[in-house]
Amino acid sequence: MLFLMAAGLTLVFGIMNLVNLAHGSLYMVGAYLATAAFNWTGSFVVAVVWALAATLVVGMLVEVIALRTLYERDHLDQVLATFGLILFFNEAVAIVWGRAALFTTVPRALSGHIQLLPGIRYPAYRAVIILVGLAVALLLYVVVTHTRLGMLIRAGASNRTMVAALGVNIRLLYTVVFGFGAALAALGGLMAGPIYAVLPGMGEEILIQVFVVIVIGGIGSIRGALAGAVVVGMVDTLGRAFLKPTLSSVIGPSAADNAGPALASMLIYILMAAVLFFRPQGLFPAVRG
Amino acid sequence: MTLRLEGIEAAYGLSQVLFGISLEVPSGRLVTLLGRNGMGKTTTVRAMMGIVPIQAGRVHFDGRALHGLPAYRVARAGLGLVPEGRQVFPNLTVRENLVATAANRRRAAGPWTVERVFAMFPHLAARARSLCGTLSGGEQQMLSIGRALMTNPALLILDEATEGLAPIVRAEIWSCLERLKQSGLSILLIDKHVEAVTRLADHHYVLEKGRVVWDGTSVELRARPDVQHRYLGV
Amino acid sequence: MAEPLLAVRGLTKRFGGLVATDGVDLDVAEGETLAIIGPNGAGKTTLIGQLSGDLAPDAGTIRFAGEDVTGLPGPTRSRRGLARSFQITSIFPEFTALDNVALSVQAHAGHSFRFWTPARAERALREPARATLEQVGLGDRADVLAGTLAHGEQRQLEVAMALATRPRLLLLDEPVAGMGADESQRMVHLLRALRGRHTIVLVEHDMDVVFALADRISVMVYGRVIASGAPEVIRANAEVRRAYLGEEISA
Amino acid sequence: MRSRARALTLVAGLLGLGLVPVVAALANQPFYLDLFRRIMIFAIAAVGLDLILGFGGMVSFGHAAYLGIGAYAVAIPAFYGIESGLVQWTLAMALSGLAALAIGAVSLRTSGVSFIMITLAFAQMLYYLGISINAWGADDGMRLARRSQFGGVVDLTNGYVFYYVVLGVLVALLALGHRLVHARFGVVIRAAKSNEPRMRAIGFSTFRYKLAAFVIAGAVGGLAGALLTNQTEYLTPSYMHWTRSGDIMVMVILGGMGTLYGPVLGAVVFLLLEDILSAWTVHWQVVLGPLLVLVVLYARRGLWSLLPGAIARDG
């Protein structure tokens with residue numbers, strides 16, 4: 001899940017050089033649209049298609065209205081403008097769907113378990129998420145490094161005016177690419193819907209983790225995003241599972257169940273601080289795609 | 001295929017830089033823009049290309065009006081830009097730089113291909129796969145010219161094509177421009193090396209503080225050392 | 001001959017496959033002006049970057065005033081008297097010309113953990129700064145915002161900022177780059193006035209400036225010093241002519 | 001002439017703040033006393049942040065963490081009976097300064113976006129810490145039995161006294177800030193923002209100065225946190241939530257980065273807006289969001305630069 005979001009953000013941020021805090025909001029919008037469509041039509045497929053298409057349009061609208069002039073501006077402006085967008089999206093969603101959380105169920109077809117290895121059963125739905133994540137990774141990597149579209153995006157990131165002066169309508173291209181980044185976030189959102197609750201502000205919780213993934217992996221490189229997601233995912237789940245028991249054996253159960261969850265949630269940040277301390281440019285520094 | 005500028009005025013922020021530039025690049029001719037630093041040569045190119053907004057005046061190419069169009073539309077009309085400072089894409093390989101923005105929008109016969117660019121600039125062939133951030137100044141300049149040619153322009157604009165290059169490399173660029181002129185491509189060239197430019201170009205325009213103060217053929221320019229000294233500091 | 005002020009041995013720096021400086025050996029005596037010429041991409045700017053401490057060499061040593069400074073970071077080398085100017089003008093545009101130079105003085109006048117007296121009121125900083133500005137011919141431009149100075153004046157300001165750190169060795173990276181003929185004349189005049197009082201290492205393309213200033217010239221091609229010696233020797237050297245000067249300079 | 005006009009605007013502003021209690025008393029609206037005191041407290045935090053954000057170019061996205069630390073530094077001792085304001089407030093500044101030292105030492109090794117993200121991540125770390133420690137009220141926070149005591153000399157429980165204490169702190173901070181920004185230390189910070197490589201070339205190792213500025217900003221944030229707990233007499237970890245850090249950044253940008261006085265104006269406008277808008281609709285943020293985007297797009301140098309006499313740049 002983390003990787004889906006990280007891939008979308010790497011596309012927008014690493015390659016288009018735009019810090020987009022509102023990426024979490026697009027994740028949330030995707031989740032909401034999918035949930036609404038699913039509850040209304042009952043079919044998961046329709047919900048997915050509708051959510052991706054609608055978020056693509058929302059993403060492009062946001063780009064044209066607010067973000068288009070920010071590409072050349074420094075990161076502080078981008079952070080603040082997208083911070084404004086978060087406030088807007090969180091409230092807008094609250095107005096439309098109310099503040100209470102929505103719940104959807106995992107689609108029947110994927111609700112079973114699959115037999116990974118004899119004796120090891122793994123929820124089918126989560127397996128699908130991982131598969132989709134890997135597929136997206138492959139697709140992005142190929143597009144960015146081997147297609148002309150990828151070259152143009154990378155060229156645009158380093159010198160937009162020059163790409164335009166060579167006859168390419170870079171503005172339109174960026175709008176479309178931003179839209180796909182948004183759709184990727186929506187994909188992450190709609191898949192997270194059934195597992196986590198769908199409520200205003202859900203985007204921000206995961207957003208910070210996604211930034212941690214990107215910074216650890218190395219800003220701007222798809223490989224980095226993949227590696228970062230795996231590392232953070234593991235550290236987080238392992239931390240939550242094993243930290244409390246190990247801690248309680250060390251400092252006694254009562255203190256453990258107090259400090260345990262605290263330390264677990266802080267683990268990934270400590271990890272990030274450590275990585276940045278030794279390798280400020282991350283594990284897989286971007287070779288710029 | 002003539003380029004005509006009439007009374008172009010442009011400004012950076014509050015300070016006006018161009019005060020009515022008029023010039024013409026007839027089809028198949030090599031014309032130069034000369035003048036000291038900061039006299040508006042680069043601004044004229046940026047205004048013509050639509051990168052800097054035009055306050056007043058008109059730009060026509062091959063009969064079509066280009067003033068007011070965004071840069072990508074001006075480029076699509078057939079103007080190929082080799083910018084000041086080369087501005088190659090450092091995060092792309094040499095081959096990617098050539099291919100990324102290549103196009104043949106005007107269905108030119110015998111369009112430019114990567115192989116033809118490598119034939120003209122053998123140095124680049126050897127570095128095809130390397131990221132061009134590691135290229136030398138001369139190689140980047142050749143790449144920048146190759147990249148512009150790959151869009152099959154009708155008019156090639158070179159802004160300070162030999163600035164900061166060693167004499168040997170400069171000579172190679174001159175000979176390349178010579179060959180391009182032979183092939184019928186019209187060229188607008190900005191450069192400081194008056195002596196070399198008078199051997200190559202058909203017509204010259206001299207700029208001083210955003211105005212054309214003199215224009216004439218190479219023969220006329222060579223006959224006017226006073227113009228050369230006063231405006232070009234030679 | 002006393003130990004040279006600057007002794008460089010086997011300096012090597014690679015960027016990926018490209019070897020920018022390949023085992024460069026160089027000596028500069030106190031008070032001498034050494035010019036380094038060479039075609040684009042010969043590694044001149046990379047050499048300056050390693051001498052100033054902005055780039056860490058992959059191999060080789062740099063001895064300055066008898067001390068091995070190879071491992072020292074940039075700011076420490078500057079405090080030891082090794083100042084530099086940049087090929088691409090690098091100044092403080094939002095500050096006035098005088099502020100720019102006063103900052104250089106401030107860097108060498110004790111620590112800056114002072115929170116009370118306004119820096120602009122500290123005569124110990126302003127006087128030497130104003131003097132250095134006069135020295136480079138920018139005396140009357142002291143209170144102008146550096147960002148609004150003409151290109152040539154900004155290059156002069158760069159030199160002033162380097163001079164204000166009272167350096168023993170001055171690394172100048174293409175001081176007359178992008179200058180018109182008359183502006184570079186003024187710069188040559190300025191640099192000539194420094195000879196003898198400061199040791200200068202000069203990287204430059206403009207051959208008139210090089211022959212006007214240099215006591216000795218080293219020619220670098222593809223990361224290696226292929227020839228060093230007095231200007232006349234270099235001008236006549238066949239190998240140099242073929243690799244770099246070409247036919248343009250008729251001796 | 002310009003700086004005189006600016007001085008006039010400044011004095012007028014501070015006088016205005018000074019008169020609020022009088023007006024509030026006459027109009028029998030004590031609510032405004034509380035509102036403007038809260039505004040001034042956030043203004044203090046914003047001025048502290050402006051030191052590193054506006055002058056130093058260090059985009060710290062976790063400044064609310066220091067407010068949180070300052071708040072806890074008052075609430076926890078009070079919880080154990082230590083109510084001397086002197087102890088609490090010095091503890092607040094010391095602890096938040098220490099935290100800033102630790103966080104700064106790591107974050108300043110990075111730059112650009114990693115710096116923004118790492119400061120954000122550290123603040124979130126402290127937020128999660130605050131949430132999970134049950135001994136001190138965990139998620140639902142802690143009550144502050146009594147405001148910081150200064151041995152009867154200064155009685156904070158009296159709203160007016162507390163108001164002028166906060167105003168006094170703000171004015172002192174602005175005066176000290178003005179001194180600092182123009183002194184050698186401030187010049188180094190501002191020049192490092194303008195051109196770091198050039199600073200290294202002339203002999204400044206800028207890391208220690210930027211870290212010192214980071215610590216000062218942290219300590220000022222801690223002080224603001226201490227005042228905030230006394231203001232609300234209640235404390236929740238949500239003080240440290242990253243949207244709070246966002247709010248403080250907005251105040252600095254809205255008011256005018258790198259102008260020292262701008263953030264005060266930013267705090268006034270932002271919090272008044274918050275107050276007025278929330279009276280209309282509970283979904284007031286749906287208006288605030290786009291407003292913020294407009295400010296970034298069009299009023300880039302903040303409101304302070306629109307006032308008469310504000311000189312164009314931070315000379």
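Which chains share the most contacts? Of the 4 pairs of chains in contact, the answer is chains A and D. Two residues are in contact if their C-beta atoms, placed from the backbone, lie within 7 Å.

The model is predicted: local features need pLDDT of at least 70, side-chain atom pairs count only at pLDDT 80 or more, and totals for chains, interfaces and linings use all residues. Residues are numbered from 1 along each chain as its sequence is written, while chains are lettered from A and ligands numbered from 1 in the order in which they are written.

The contact between chains A and D takes 35 residues from chain A and 34 residues from chain D. On the chain D side, α5 (112–132), α10 (242–255) and α12 (285–298) give two or more residues each. Helices (H or I, at least four residues) and strands (E, at least two) are DSSP runs, numbered from the N terminus. α5(D) gives the most, with 14 residues. The side of chain D that touches chain A has 23 nonpolar, 10 polar and 1 charged residues. Here Ala, Val, Leu, Ile, Met, Phe, Trp, Tyr, Cys and Pro count as nonpolar, Asp, Glu, Lys and Arg as charged, and the others, Gly among them, as polar.

Chain A also touches chain B, through 17 residues of chain A and 21 residues of chain B. On the chain B side, α2 (71–76) and α3 (94–100) each supply at least two residues. α2(B) gives the most, with 4 residues. Two other pairs do not touch. The nearest C-alpha atoms of chain A and chain C are 12 Å apart. For chain B and chain D, the closest lie 15 Å apart.

The largest nonpolar core holds 352 residues. Such a core is a set of buried Ala, Val, Leu, Ile, Met, Phe, Trp, Tyr and Cys residues joined through C-beta atoms within 7 Å. A residue is buried if 20 or more other C-beta atoms lie within 10 Å of its own, exposed if 12 or fewer, and partly exposed in between. A:Ala6, D:Ile44 and D:Leu223 touch the most other members. Helix α2 (residues 30–55) of chain D gives the most to this core, with 15 residues.

Helix α5 (residues 151–163) of chain C is mostly covered, with 10 of its 13 residues buried. Among them are C:Leu157, C:Val159 and C:Met161. The cover includes α4 (123–135) and α6 (181–194) of chain C, together with α8 (196–202) of chain D.

How values were computed
The expected span of a helix is 1.5 Å times one less than its number of residues.
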